[in-house]
Amino acid sequence: MLAAIAVYIILFLTSAPGAASARPSSVGPNLYLATVPAAKGNDPHPLWVSYYAVNPGNANWRTGWRHDTTYVLPAHTLVHVTIYEYDGDSGSRNPFISQAQGVVGGTFELNGKPTRAINPKSASHVFAIPQLGLNVPLEGVVGTAKNQCANAPCSPSNAHNTITFAFRTPGKGIYRWQCFVPCAAGYIFGFGGPMQTVGYMDGFIKFV
Ligand SMILES: [Cu+2]
């Protein structure tokens, strides 16, 4: 089993088309991601919550969406991350992860507002790299919001929160990132399915 996992990870990490990269922006390299309440029709698990890599600069927003959770980022660099959060709140049972940790300046921006922590109940997901002590909570879209996105790809006009933060990347290496909010509806304690499958609520970052 371990060997199978190792082979899987190696294949996964070496298959170039399966990785998303940071894009140049006015503030430096920027990784653009999105979280959605459900993947899409042609996905192996169309009903699972998921992260996507997106390209907000793409004139046709639909074609800018890629179902990748492996990222390639420059080592020893200040990297900015932008996450478009389209999912409702699941609520975190652990208030600790509703606080920002390991980000430059100690805060992230929630819709442009510097923020240190959110109400644990309003958390939809977190973006965490445990080995780096990095954790950023993602505020869920309120249940009463109009024009909510049902599944990927979501339109910029769908209800969403925009979360941005920056962190200093470590030296070369492969790190795991993951969500810690029990967001997997329909699974025991919300931690099964997409929470345990690379490609949905977790993945790898290759610092090069
Ligand atoms: Cu999640």
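First, a term I need for the strands: two strands pair if DSSP finds at least two bridges between them. Helices (H or I, at least four residues) and strands (E, at least two) are themselves DSSP runs, numbered from the N terminus.

Ground rules. I am working on a predicted model, where local features need pLDDT of at least 70 and side-chain atom pairs count only at pLDDT 80 or more, while totals for chains, interfaces and linings use all residues. Residues are numbered from 1 along each chain as its sequence is written.

Entry 1, overall fold. I looked up the secondary structure of the protein chain and got 1 helix and 12 strands. Reading along the sequence, I noted the pattern α-β-β-β-β-β-β-β-β-β-β-β-β. The radius of gyration (taken over C-alpha atoms) is 16 Å, close to the 17 Å from the globule rule (2.2 Å times the number of residues to the power 0.38) for 208 residues, so the protein chain is as compact as a globular protein of that length. The C-alpha atoms fill a box of roughly 45 × 40 × 35 Å along the principal axes.

I count a residue as buried if 20 or more other C-beta atoms lie within 10 Å of its own, exposed if 12 or fewer, and partly exposed in between, with C-beta atoms placed from the backbone. By that rule 37% of the 208 residues are buried. Two residues are in contact if their C-beta atoms, again placed from the backbone, lie within 7 Å. Of the contacts with a separation of 6 or more, 69% join residues 24 or more positions apart.

Which strand order does the open sheet of 6 strands have? I read it as β3-β2-β5-β10-β6-β7, with mixed pairing. The edge strands are β3 and β7 (113-115), each pairing on one side only.

Entry 4, β2 against β3. These two pair in the antiparallel sense over 4 bridges. I found L33 opposite A53 in β3, and T35 opposite Y51 in β3. In a regular strand the side chains alternate between the two faces of the sheet. Are the faces of strand β3 (residues 50-53) covered or open? Both are covered: S50 and Y52 on one side and Y51 and A53 on the other are all buried.

A nonpolar core here is a set of buried Ala, Val, Leu, Ile, Met, Phe, Trp, Tyr and Cys residues joined through C-beta atoms within 7 Å. The largest one has 52 residues, and L33, A34, V36 and V126 have the most contacts inside it. Strand β2 (residues 30-36) gives the largest share, 5 residues. I checked V36 beyond its neighbours within four places in sequence, and its contacts include V49, Y86, C149 and C154.

G186 sits in the loop between β11 (173-178) and β12 (202-207). G186 is exposed, with 10 other C-beta atoms within 10 Å. Its C-alpha atom is separated by 38 Å from that of A75, 111 residues apart along the chain. G203 is in strand β12 and is buried, with 23 other C-beta atoms within 10 Å. Leaving out residues up to four places away in sequence, G203 touches T69, T70, W177 and V198.
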